[in-house]
Amino acid sequence: MIELSLPLHADWTGGLTTAAYLDRLLSLGITAVEVQLPPTLRAEDIDRWAALIDQARERRLKLALHAPLAADSPIWSHVLTWIGELATTPVTLIVHGCTATRRAPDLVAQTVAYVYALLTRLPPTVTVAVEQSWNKGAAAGLGGMIRNLRGDKLQGRIQRPIGVGSGMGVASQAAPQPVPPATEFDPWLKSSRWRMLRRTDGFSGTGTRQETLQVVMEVNHPNCVIAWDVAHDWLGGAKGGVADWQSAASADFLRRVAYVRLHDVDDSGTDHWPLVVGNVPYASQLRPLLQHGFAGVVCLAIRYTPQTHMFGDRWHVLERSLAIARQVFRIN
């Protein structure tokens, strides 16, 4: 059975208590959450995050922990402690490939060793989902600039999808709504500007489908699967230099996908937008996955920031994106 999930962060509740926020998420019909772990925690925040995880479990929400980008982030000691306390509960731990400022041939090997070492420390109830990233550094050099310039020139000649859903036939998006002054959500995201400056210079050991598949195959463990981030996949083709990128992944790749992260990308390449932009061709990406019998969790990895106020109230935006996801995945 395919289950829908939304991100969960202790600072992203829009002023609601954790209990009220979780209940509001449940009212949207989700059955899972993806806890967005920060790189480090202040001592006074440790109990707050532990309580967040406990309250999600109390509501019988399926739990995924999204690890920080860096494998050496200080929060790892807390993550392993929490997972130890959840030893009887199935948990998905989403991890990224090892990164570097330049493309290096050993990044895949480093990631294999890192994931394998993690699996030896985790209980058998934990599934490690290796997230496909994209080689952001490839978009920053001269070659990337030329590709992006060419893409901008061609944009007017490319047939854009009509409406949301990348050609799924969903009704086209409504006119932008005025910023609702009473819903100033997520001040942490507003002040940090999504931490984008930390995320634009890296090459990843899982920067392409092929690298992600190679990591999972070489780890060769039943608890090691692929977390397919379809927007990062598309960015890797559009901006990351994968010249022969196709929307449909290989059968070998699809057979190992057990978790999906779904979000859209604006025209500048900024990700984690609601499913209303129409740039990421997620319908054509995901159709072959359904044909392979996918029955995992789909997380709508959406960040509600001031930029997305133009699409309306936070909860309206989430409801609309969930409706599109249900149509794509044929969920009643």
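The model is predicted, so a word on ground rules: local features need pLDDT of at least 70, side-chain atom pairs count only at pLDDT 80 or more, and totals for chains, interfaces and linings use all residues. Residues are numbered from 1 along each chain as its sequence is written, and side-chain values use heavy atoms, with hydrogens and water left out.

Helices (H or I, at least four residues) and strands (E, at least two) are DSSP runs, numbered from the N terminus. Buried stands for under 20% relative accessible area, exposed for over 50%, and partly exposed for values in between (1.4 Å probe, protein chains only).

Let's start with helix 3, which spans residues 76–85 and has Trp76, Val79, Leu80, Trp82 and Ile83 buried. These residues lie on the same side of helix 3 because they cover an arc of only 160 degrees around the axis, the arc being that of the directions from the helix axis to the C-beta atoms. An α-helix has 3.6 residues a turn, so residues three or four places apart point the same way.

What do the buried residues of helix 3 pack against? Their partners are helix 2 (46–58) and helix 4 (107–121), together with strand 3 (62–66), strand 4 (91–95) and strand 6 (126–131). Contact here means heavy atoms within 4.5 Å.

**Salt bridges**

Side chains of opposite charge can pair when their charged atoms come close. A salt bridge is counted when a side-chain nitrogen of Lys or Arg is within 4 Å of a carboxyl oxygen of Asp or Glu.

| Pair | Closest N and O atoms |
|---|---|
| Lys62 and Glu3 | 2.6 Å |
| Arg59 and Asp23 | 2.9 Å |
| Arg261 and Glu131 | 3.3 Å |

Lys62 lies in strand 3 and Glu3 in strand 1 (residues 3–8), so this pair ties together parts that are 59 residues apart in sequence. Lys62 is partly exposed at 41% relative accessible area, whereas Glu3 is buried at 12%.

Arg59 sits in the loop between helix 2 and strand 3, and Asp23 in helix 1 (residues 18–27), so their bridge joins parts 36 residues apart in sequence. Arg59 is partly exposed at 22% relative accessibility, and Asp23 is partly exposed at 40%.

Is the pair of Arg261 and Glu131 buried or exposed? Both residues are buried. Arg261 belongs to strand 9 (residues 257–262) and Glu131 to strand 6, linking distant parts of the chain that are 130 residues apart.

Finally, a network of salt bridges links Asp11, Arg42, Glu44, Asp45 and Arg48.
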